[in-house]
Protein chains: 2
Amino acid sequence: MGRTFTYPKRSTNTVKRYAHRATYDVAAIHSIVNSSQVLHVSFNPGPEDPFPTTLPMIGQMGSFEYPSADLGEPLDCYIHGYVSMRMANLARDSEQGLPVCISATKVDGLILSLTPFSHSYNYRSAVLHGYAKLVTDDEEKEWAMKMITNSVVPERWENSRTPPEKSELSSTSILKVKIVSGSGKVRDGAVSDEKKDYQDEEVTSRVWTGVVPVYEVLGEPIPDSSNKVAKVPDYIKSYVNSRSQESREYAVAATKITLPKEEQH
Amino acid sequence: MGRTFTYPKRSTNTVKRYAHRATYDVAAIHSIVNSSQVLHVSFNPGPEDPFPTTLPMIGQMGSFEYPSADLGEPLDCYIHGYVSMRMANLARDSEQGLPVCISATKVDGLILSLTPFSHSYNYRSAVLHGYAKLVTDDEEKEWAMKMITNSVVPERWENSRTPPEKSELSSTSILKVKIVSGSGKVRDGAVSDEKKDYQDEEVTSRVWTGVVPVYEVLGEPIPDSSNKVAKVPDYIKSYVNSRSQESREYAVAATKITLPKEEQH
């Protein structure tokens with residue numbers, strides 16, 4: 001029930017591509033990031049401000065230099081969204097880049113135990129630390145935008161008005177984060193109670209225990225009033241269905257409770 | 001389509017309860033926080049570390065002094081979860097408390113426009129800045145745990161093994177965050193494209209545009225193998241159903257697209 005994993009201590013994701021071998025841990029962390037619709041990106045706005053600040057952004061792990069790199073290899077995190085003037089300046093002004101913390105969390109289930117103090121969530125979370133720089137090369141920017149767009153709906157890039165114009169690229173901010181460390185945490189399984197409670201018949205006879213699976217659904221696509229294409233294309237339809245089904249299946253499987261035959265559906 | 005709102009500039013949520021009048025903006029920010037299953041809490045681990053770090057936690061806005069305060073009034077944020085030794089020490093050692101940034105984001109829809117550069121999400125997000133201290137008073141801790149437990153499933157506190165024992169309270173960490181500023185952002189509506197694209201017949205004839213609603217579902221509750229209660233209690237069942245339905249309805253309504261009669265369900 002649950003595990004924590006971290007980047008190999010010496011992984012800096014910078015110099016020697018083959019010096020750091022793929023590990024399952026790195027793949028797990030990267031896959032949590034890549035399957036999250038939102039990343040929370042924190043940074044310090046300046047020495048006069050005691051508070052870090054956080055922006056919700058969208059991003060993907062990838063390697064522009066080695067586009068075929070898989071999830072277990074050292075990757076950069078490309079993020080897109082509203083980049084404030086302050087954040088852009090900080091990223092530009094520092095040679096190394098702006099220190100950021102990127103986090104992603106998915107709730108997979110509510111764990112309802114006998115006592116509130118044993119309640120929990122099934123969840124997956126990942127945290128990355130790294131240095132952010134603005135991407136200035138148009139080719140790299142376009143590559144990153146394509147990767148990010150297709151993470152929202154696979155094949156969307158190819159099926160929308162592309163390639164981008166030069167002005168679109170120049171007005172778009174993408175941050176590339178060189179990762180220096182990271183960790184992930186997964187909690188799965190069912191309820192976990194203390195002996196004094198699960199041996200107390202008065203308690204077990206009245207308190208229902210179990211897991212409520214939690215999952216994100218993509219609903220029926222709704223055409224815009226300006227849309228001119230008669231039918232929802234297959235690449236959208238099939239993604240909407242498969243993603244919703246996979247999320248549900250993951251949440252149910254994460255409970256690790258075997259359902260009685262008649263309840264399996 | 002979309003709006004940004006902020007805490008009144010001088011709200012410090014500390015001294016005079018009636019000095020700061022309820023505003024819709026504050027209520028909106030608080031309600032995003034309270035309806036989020038996960039809060040991302042960022043802080044700076046120390047001067048030698050350039051990176052802020054982020055922990056996924058669970059929390060609710062509330063007022064222990066004025067428990068009947070509504071969402072539009074100044075409230076504290078009570079958060080619970082894994083509080084690292086470092087975080088606990090920092091919160092204890094500083095008189096004012098540990099400066100933290102709390103953020104909450106919900107995705108409500110994928111906005112599929114004609115060009116990737118006009119793609120977006122419907123979403124709601126809130127960010128709060130404040131000072132975190134560990135709650136040391138047992139009565140306040142129990143009050144906060146009850147509020148947080150019932151935010152996961154309403155009435156769960158009353159329907160599980162409570163009240164807590166003294167040892168349970170003492171081994172539980174709750175942070176109370178005095179809020180000094182905050183802001184929220186909501187994006188809703190349908191696609192928004194540029195003239196050059198929506199007037200281009202070649203583009204509009206082949207690119208489907210619209211919104212894919214995104215919403216979180218609570219699945220059928222799965223009893224634990226140790227559960228002794230025959231049926232899923234009504235307070236769980238009805239919450240599971242109503243929350244899933246409300247999430248779906250919000251996501252569809254946020255598109256602001258009027259569905260043809262036969263497609264309304």
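The following dialogue goes through the reasons for some of the terms applied to this predicted model.

Author: Residues are numbered from 1 along each chain as its sequence is written, and chains are lettered from A in the order in which they are written. Because the model is predicted, local features need pLDDT of at least 70 and side-chain atom pairs count only at pLDDT 80 or more, while totals for chains, interfaces and linings use all residues; side-chain values use heavy atoms, with hydrogens and water left out.

Reader: How do you know that A:C101 is in no disulfide?

Author: A disulfide is a pair of cysteine sulfur atoms within 2.5 Å. A search of the whole structure finds zero disulfides over all chains; for A:C101 the nearest cysteine sulfur, that of A:C77, is 11 Å away, and for B:C77 the nearest, that of B:C101, is 11 Å away.

Reader: Why does B:C77 count as buried?

Author: The word buried means under 20% relative accessible area, with exposed over 50% and partly exposed in between, for a 1.4 Å probe and protein chains only. B:C77 has 0% relative accessibility and therefore counts as buried, and A:C101, at 0%, counts as buried too.

Reader: What makes strand β8 of chain B mostly covered?

Author: Strands are DSSP runs of E with at least two residues, and helices are runs of H or I with at least four, numbered from the N terminus. In β8 of chain B, residues 210–218, eight of the nine residues are buried.

Reader: Why is β8 of chain A said to pair with β8(B)?

Author: Two strands pair if DSSP finds at least two bridges between them. Five bridges join β8 of chain A to β8(B), and these strands run antiparallel, with A:V217 opposite B:Y215. Strand β9 of chain A, residues 222–223, pairs with β8(B) over two bridges in the antiparallel sense, and there A:I222 has B:V211 as its bridge partner. Within chain B, strand β5 (residues 98–112) is joined to β8(B) by four bridges, again antiparallel, and B:G109 has B:P213 as its bridge partner.

Reader: What makes the charged end of B:R124 count as sitting over the ring of B:Y250?

Author: A charge sits over a ring if NZ of Lys or CZ of Arg is within 6 Å of the ring centre and within 35 degrees of the ring normal. The charged end of B:R124 sits over the ring of B:Y250, 3.7 Å from its centre, and that of B:K185 sits over the ring of A:Y82, 4.7 Å from its centre.
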